[in-house]
Amino acid sequence: MHRWLCWLLVGLLSGCAAGPSTQSLCPSETAAPNAQTSEAADPAPHAAEVASPTALVRIERGRPNRFLDGTGRIFGVPQQLLYWNRRVNNHQVSAKTEQLVAEYLLANDLPEVLVRVNQYAPLAEWKRLKANRRIGAGWRYTVGVFDLLLYTLIPGRLFGDDWYNPFTDTINLYSDVPSIALHEAAYAKDVHHRRYPGTYVTIQHVPVIGMWYRTNATADTLQYLKQHGYNKAELQEADEILYPMYGGAAGGQIGKFIPLPFIDIALNLAGTGVGHVVGRYRAHQDRAEESTVETQQKGGEINKTSPPAQSQPQPQ
């Protein structure tokens with residue numbers, strides 16, 4: 001029993017970035033267009049993906065593992081209940097979600113951002129930390145090292161929590177919720193557009209100030225979905241998931257200034273509840289607006305197809 005636990009711990013901490021030829025606990029599969037693997041001789045299973053967005057953006061996927069993914073789904077149940085969405089931290093990210101985040105990154109000229117889908121790769125992330133010259137070494141080797149230590153010691157492959165690491169320029173996805181993936185990509189866009197990205201991302205660790213990037217990312221995600229004509233269901237889900245996330249984060253950060261035990265958790269739950277109310281109200285507004293637009297469009301089509309009214313002759 002102890003030997004089994006030791007091998008499990010070694011497997012987790014040694015990383016899930018091993019190639020398919022390595023018998024690691026959770027090896028990974030790389031979807032980057034120029035990636036080299038030991039299975040290079042095998043024919044590509046989807047030749048049509050060469051021109052797809054997911055082939056133009058660096059996406060690496062952790063190989064499915066029943067034990068790890070099943071355990072991760074168990075750990076993800078509290079957040080699934082909190083946000084009332086079964087696909088939060090479900091460790092089964094669909095091709096559709098991958099495609100949406102890839103399209104966003106391409107639309108905003110961010111093909112260099114790496115997307116890790118249900119993957120744990122600490123060694124590769126330490127290398128990316130060193131190579132990321134966009135952020136100054138002073139920030140990378142202080143705050144960046146701290147963030148990466150948390151990533152290494154608390155594997156998202158087990159505990160979930162989608163997030164963008166600006167110090168390694170990596171998006172980590174464990175939820176099959178497109179709006180969450182776009183939210184993290186929007187944060188990446190925000191960081192890439194900053195003149196001093198290291199300073200910007202560091203002050204996000206300060207309570208309340210940390211809502212700055214969340215505000216920008218939430219607004220950008222909702223605007224992107226509306227401008228690019230996504231369907232009602234996707235817009236509704238974005239409202240119903242992003243507002244509770246925003247409210248919970250706001251409540252938790254405010255609670256850090258109140259010297260009472262567990263007050264940050266209580267305010268996080270309260271903020272999430274308020275976010276659910278606001279999100280559902282906004283979703284209702286979006287549906288009403290879209291119904292109005294559809295009605296107007298149908299009315300315009302009827303007017304165009306209707307024959308012009310003929311004038312009646314006037315009696316002499």
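**Salt bridges in a predicted model**

Student: Is Glu-237 buried, partly exposed or exposed?
Tutor: Happy to start there, bearing in mind that this model is predicted. Glu-237 has a relative accessibility of 15%. Buried means under 20%, so with its 15% Glu-237 counts as buried.

Student: Which residue forms a salt bridge with Glu-237, and what is its own relative accessibility?
Tutor: The closest N and O atoms of the pair are 2.0 Å apart, and the partner of Glu-237 is Arg-87. The two residues come from distant parts of the chain: Glu-237 sits in helix 11 (residues 232-255), while Arg-87 sits in the loop between helix 3 (66-83) and helix 4 (95-107).

Student: How many residues apart in sequence are the parts tied together by Lys-189 and Asp-220?
Tutor: These two side chains meet in a salt bridge, at 2.9 Å from N to O. Lys-189 belongs to helix 8 (residues 178-192) and Asp-220 to helix 10 (residues 211-227), so the pair ties together parts whose separation in sequence is 31 residues.
Both residues, Lys-189 and Asp-220, are buried. The separation you asked for is 31 residues.

Student: Asp-190 and Arg-194 also meet in a salt bridge; which of them is partly exposed?
Tutor: Their N to O distance is 3.0 Å. Asp-190 has a relative accessible area of 11%, so it is buried. With 28%, the partly exposed residue is Arg-194.

Student: How many salt bridges does the structure hold?
Tutor: Some salt bridges join up into a network, which links Arg-58, Glu-60, Arg-116 and Glu-125. For the structure, the number of salt bridges is 11.

Note on methods:
Residues are numbered from 1 along each chain as its sequence is written. This is a predicted model: local features need pLDDT of at least 70, side-chain atom pairs count only at pLDDT 80 or more; totals for chains, interfaces and linings use all residues. Side-chain values use heavy atoms; hydrogens and water are left out. A salt bridge is a side-chain nitrogen of Lys or Arg within 4 Å of a carboxyl oxygen of Asp or Glu. Helices (H or I, at least four residues) and strands (E, at least two) are DSSP runs, numbered from the N terminus. Buried means under 20% relative accessible area, exposed over 50%, partly exposed in between (1.4 Å probe, protein chains only).
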